[in-house]
Amino acid sequence: MTMPRKKLIEVSIPLEAINKASAREKSIRHGHPSTLHLWWARRPLAACRAVVFAQLVDDPSSWPERFPTEETQEAERRRLHKVIEDMVPWEASNDETILNAARFEIARSVAWGLGEEPPAKGDGKAILDYLQTKAPPVYDPFSGGGSIPLEAQRLGLRAYGSDLNPVAVLIGKALVEIPPKFAGLPPVNPKSQAELKRGGRWNSKGAEGLAEDVRYYGQWMRDEAERRIGHLYPNATLEDGSDATVIAWLWARTVRSPDPAAKGAKVPLVTSFMLSTKDGKKTWVEPVIDASAADGWRFHVKSGKLTKADEDEKKKGTKTGRGTNFACVLTGSSISPDYTREEGLAGRLGKRLMAIVAEGDRSRVYLSPSHEHEAIAAEARPGDTSAIEVEMPENPRWFSPPGYGMTRYVDLFTSRQLVALTTFSDLAYEAREKALADARAAGVGQRPSSSDVPRDGAPLHSGGMGAGAYADAIATYLGLIVGRCTDAWSSITSWASTGEFIRNTFARQALPMVWDFSECNPFSASTGNFNNGIEWTCLALTRASAASPGEIHQITAQNNNYPVSPVLISTDPPYYDNIGYADLSDFFYVWHRRTLSNVWPDLYRRLTVPKEAELVATPYRHGGKAQAEAFFMNGMGEALTAMRNAAADGEPLAIYYAFKQAEAAEDGTTSAGWASFLQAVVDSGLAVDGTWPIRTERQARTIGVGTNALASSIVLVCRKRSPAATVATRSEFIRALKREMPDAIAKIRAAGVGPVDMQQAVIGPGMGVFTRFVEVLEDDDSAMTVKTSLSVINRVWEEIDNEIVASFDPETQVALTWFGSYGFDARASGELIGLATAKDTATNGLYASGVFKDLKGKSALMPREELPENWSPSSDRTLTIWECVQHVARTLNDPAGGAQAAARLIAEMGPKAADARALLDRLFKIATDKGWAPEALVYNQLAEEWPHLLDRSANISGELRQATTGDLFG
Ligand SMILES: C[S@@+](CC[C@H](N)C(=O)[O-])C[C@H]1O[C@@H](n2cnc3c(N)ncnc32)[C@H](O)[C@@H]1O
């Protein structure tokens, strides 16, 4: 086997830019593909895009004949990093110029590997064609919401994904598989067709035609539903007598008071009485004792001024403490969790209208409940709900309602919510019939030539492209809109009083019990309405890539024979027991099944989502914790082996590992979950040679104690272990680490990986050395475990770092020791004299160099803000690494300085710049160990900025050289 070429992801990636774009993406909603339908634990598209790109693009060191020196390789690496930096922001995701530039780089690596030349850089179409035929297909065997295949597709690659969960498969199909099939087609609906016949032009961009049709038939569904069931959603009467559309009805569940004095009256269980907490608009509900009202009490909505204490009191509702502890509004006696549970299990919980939220003049209006509105809601009689009458799992970790007698999915909806959802579900299929007639009329697809072919061509689920398949596609999106609505239209939704909107069912990755819930009006123009669903879905569809074909299959990863191979594996498996995808997704599945089983018969054959083979360590499913762990590790091992077998030889595999903050290890890097996962990877015949921490959280103002506290996943870069791998001893392993790691660490630093991420990033090359061997033998001939190898790697890294620090000037070493004890605080000068003597340097020199400050009897490190502004490394006769770091940090953050001034300092430092960068890691470590978060942040940010400063400094160095030459010869 010839050695495969090293890929960028095995050497360095611009982590900071990727992390920044990933974190920023979280706040983007408009048109983001994730808004198509909820799926849990989606990876940021920025990270997925960058990872696939860096898996395919060669590291310049793979081409020594083209990039013969370290310098040329580093310059080329920086250029490729820039391509990544340009393509990761959300704004770039539909920017064809930027995407083409990225696609070209992939095509170039593929072409060079084949001994060919890539198509011309500007010829986007030729590049796409080339990638379609020559680049390996990308495959994600745990594709979930489809982020990785979507990004592979965006990069012009053949994209495949599979998941065992039908809900995920449908979302993936809607995002990746269906849009390219109908890309470029004009809409078929009568309104758009009439427009086209009148001479209107269609832009043929991506799946915009399909999106326009979904919008049209979605609107038809909404109008038709309003005609059929609109009478169940009465307007509210405002104080001035005018009518207003209701946005939501807010209900409180009730329970019989346990206090005999209340004589069996049902009393409300309310977790907050506040309806709006906005300043100047405080609104709340008050329970009023009223003998003439049902059960002797009623709700009354009030607004006005509230003291903070009053507001806090109202925020408690009828609760008396944490958990399900309430008080009776009539007698004040307590209602225990056990009592409420018993009443619930006996089917005796009720509900009472608490408030009505209506559309006012540019703001919400809150009204007291009315009998008429309550009576109308009680009239609702749902259609066929048999598909929804499915039991929820008995797993209190994620499902609370069964504990209160609400054991089936159907119990999570009010009758009126069921009327709405069954009506819209029926209408999605009726809309399909309309769309079919319109698609036929518009001539979608080929006319069948033989009587064996169905009139409208094959259905979508068996690969059709004709009118029938097109109608299936429209129905799929309409069905997904209904699915989306279930998230907003259940009785597990609550009213968010801060933002005045309906908080969706899956505000968390669980189905909790909600005591005071919202019931949305599907026909309003506000929060949770059906039109919102149409709009978000269509926006996401318009932004889908559709650049190249994609396929999403329903396959269990352990038994995956891969419908296509060899492939480039890029995948994000489930992490242990974090999320119960299969259990949670039944909430959607039952509705999808009711709506779409005719369109996707294979996906919806079963009553619920298949669960047995799901790689989630759920003790209740496997008969205990240990069995669940064994099931997970064995299954993951099988899935990894299947990946290894299907993987191409030329490119590394990328496997995301969801890293929990709690795992930022007790002893450095070796947390149990992380080590076992790595062990499973190694046992499946893979060698690890890169580990990149990806963050999706914005860097907080305070960095958590310990490194890498913010990583939310780690991308493991793996290769198939070479069949020629040999056995090594512990000392051979350590020698190889010492030989290879310094260079790898330098490259990682040069890429701008900040100290916060260093510890995880350094594992990559270390594990690369470890897993290159079949086994590393301990002194007693037993095989070294991954867990032990991680601590060895960590120790060697520390030694390497210590050696670097030991090579620093004595002033810097004294400063480091001082900093570790006192930070920038002043201490008796005797302390400094002691330290100086130990390092064989004079105290006077420490003051003279500008590192320390003489405070007459006391000494302190020179604070950054007191450093002289006109300092210049080239004229400092006692230049120290310490000063280099502190001056650059000061200058960078100084309004009068900035990046250019900081880069100039670096340019003047010459070779000392590399030492300064290394010192940042040490300073960061000290500051985090001491809990000096703001100080740690200074060093981390500077380290992440470093490569950009280096780039600038390279130009400045050029100018400086010219200036010097000019001086000599000018
Ligand atoms: C972390 S999620 C993937 C999320 C995805 N990368 C995204 O951005 O949307 C893991 C996925 O693995 C799927 N899964 C769990 N067990 C599986 C199995 N045995 N075979 C295939 N897929 C499985 C789950 O259904 C879930 O969608």
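These legends go with close-up views of a predicted model.

Local features here need pLDDT of at least 70, and side-chain atom pairs count only at pLDDT 80 or more, while totals for chains, interfaces and linings use all residues. Numbering runs from 1 along each chain as its sequence is written, and side-chain values use heavy atoms, with hydrogens and water left out.

**View 1. The shell around the ligand.** There are 25 residues around the ligand, where being near means having a heavy atom within 4 Å of it. Arg43, Gly145, Ser147, Asp163 and Asp572 are the closest. Sorted by class, the shell holds 12 nonpolar, 8 polar and 5 charged residues. Here Ala, Val, Leu, Ile, Met, Phe, Trp, Tyr, Cys and Pro are nonpolar, Asp, Glu, Lys and Arg are charged, and the others, Gly among them, are polar.

View 2. The side chain of Asp163 puts an N or O atom 2.7 Å from a ligand oxygen. For Asp572, a side-chain N or O atom sits 2.8 Å from a ligand nitrogen. On its own the ligand has 600 Å² of accessible area, and the protein covers 100% of that (Shrake-Rupley method, 1.4 Å probe).

**View 3. The loop between β17 and β18.** This loop runs between β17 (550-554) and β18 (568-571); strands are DSSP runs of E, at least two residues, numbered from the N terminus. Pro566 is found in the loop, and a cis peptide bond links Ser565 to Pro566, with omega about -5°. Tyr562 lies in this loop too, and its phi is near 50°, a positive value in a residue other than glycine.

View 4. The protein averages a pLDDT of 90, and 94% of the residues score at least 70; pLDDT is the predictor's confidence in each residue, from 0 to 100. Over residues 664-670 the pLDDT is below 50, yet this stretch has 16 contacts beyond near neighbours in sequence (heavy atoms within 4.5 Å).

Notes: Polar contact = N/O pair within 3.5 Å; in protein donor to acceptor, adjacent residues only side chain to side chain. Helix = DSSP H or I, 4+ residues; strand = E, 2+ residues; numbered from the N terminus.
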